[in-house]
Amino acid sequence: MKLYIKSSDCVSAQQSFENSLPMEFISDTPALFYTCIQPEYKKFISPNLLRRMSPIIRNGVSCSMSVLKKAALQQPDAIIVGTALGCLKDTTSFLTQLIQDNENLPNPTHFIQSTHNTIAGQIALLLSCSAYNFTFSQNHNSFETALLDAQLLMLDQKANHVLVGGVDEMNELSYGLIKELYCYKNSKPGEGAAFFLLSTDKSKVEFKGVRIINGSTIDFNLELAGFGITWQDVDVLIGGDNDVKDSAYNDFAMYFYNKPYLWYKPFVGEYGTVSAQAFWLGTKIIEEQKIPACWSKNSLMPKEIKNVLIYNCIGNEHSLMLLGLNSDCPKM
Amino acid sequence: MSTLNKELKEELKAKLIEQLNLEDFEVSDINDNDLLFGGEGLALDSIDALEIIVLLEKEYGIKLDDPKKGKEIMQSIQTLADFIERKR
């Protein structure tokens, strides 16, 4: 069975939401961390619900609603969300209040909204959708794990349309803690949301698979064989490089030497589910069959965009995701 | 109407807007007798009721001893202010 990406959307520090791929970036580099350009939330969420939602929920819900609207689908068969750190703003508000008020009378809303599965839950509540609803928090492979679960669910023929996404947020308190713990030493943290409707209905973009690897090294021959392809079949690479010389991606760049190479983290920041942004970038370049020059790291452009390989690596957490062009798709 | 009660009502409106994150409301938008819950007025819900109970205890040191009276006490800004004045 083949799986396709019927629709997608992305909230990020760039002009991505409800848009084509940005042709140029917002050039201002933030002092501390990248924050999202806020969608017009009230288009998707009633003011009465909106007032209680923190940015991560607002971004996740708005992005999901946009994806479903684009696919003209009322309800998915499953909602699967990946988030590495969950609702940080509500969690920090709740814990700060506990400390300040000596554990007396904490604000109930912050507590209720602080759990990781609030985003998937709020999407379900808004859609009155009681179908399969899962949230995965697996560090930097949270989105990939959500994607894998969606794939397995569909291959088991338990769902035809699955809403799957990756979402995380950042705030000043969490930023301080991250820096104290020496995380993201060579990168600027960020936040964002990217959602997709995976479907058994044909579309232009085929989701060919995801591979999650935990270990110090990765055997690209073996992993590509797992996808049923060789390096020659790959037309475009999307790497998670944080700067021009990011040693974590040396082996990947060497293995695929002289292939068109795109990057995105220097423009949206680093965070737990940032690979969902790469997945969106891959989806868009296949749909649009063009690559705006600003996304290219090595200035090489492909003759055609058939197979896009996405690689993410943080420490010992690696992932590969493969997207392909479905050349016999009906006109979109 | 006492000056104290009037000041208290204005203070309550401001605190509710801040605590319940009523982004679209200004103090002047809320009338003393507007219904706080239900389809009309501020259209608050049960989580807001919980927030108001916490606010009463935290800001005014007043515990709502009889939950059955909650609906009556939290009917409007006026009834809330009257309750606080009685308990002070």
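Buried area is the accessible area (1.4 Å probe) that two parts lose on being put together, summed over both. The views below come from a predicted model, in which local features need pLDDT of at least 70, side-chain atom pairs count only at pLDDT 80 or more, and totals for chains, interfaces and linings use all residues. Residues are numbered from 1 along each chain as its sequence is written, chains are lettered from A in the order in which they are written, and side-chain values use heavy atoms, with hydrogens and water left out.

**View 1. Chain A against chain B.** Here about 1300 Å² is buried between the two chains, with carbon and sulfur atoms giving 42% of that area. Look for A:Arg51, A:Arg52 and A:Leu105: they supply 49% of what chain A buries against chain B, more than any other three residues. In terms of contact (heavy atoms within 4.5 Å), 14 residues of chain A meet 16 residues of chain B.

**View 2. A salt bridge between the chains.** A salt bridge pairs a side-chain nitrogen of Lys or Arg with a carboxyl oxygen of Asp or Glu within 4 Å. The rule finds six of them across the interface of chain A and chain B. In one, the side chains of A:Arg51 and B:Asp48 meet at 2.7 Å, N to O.

**View 3. The surroundings of A:Ser187.** This residue counts as buried because its relative accessibility is 13%, where buried means under 20% relative accessible area (1.4 Å probe, protein chains only). Leaving aside neighbours within four places in sequence, A:Ser187 is in contact with A:Lys179, A:Asn242 and A:Glu270.

Conventions
Buried < 20%, exposed > 50% of the residue type's maximum accessible area, 1.4 Å probe, protein only.
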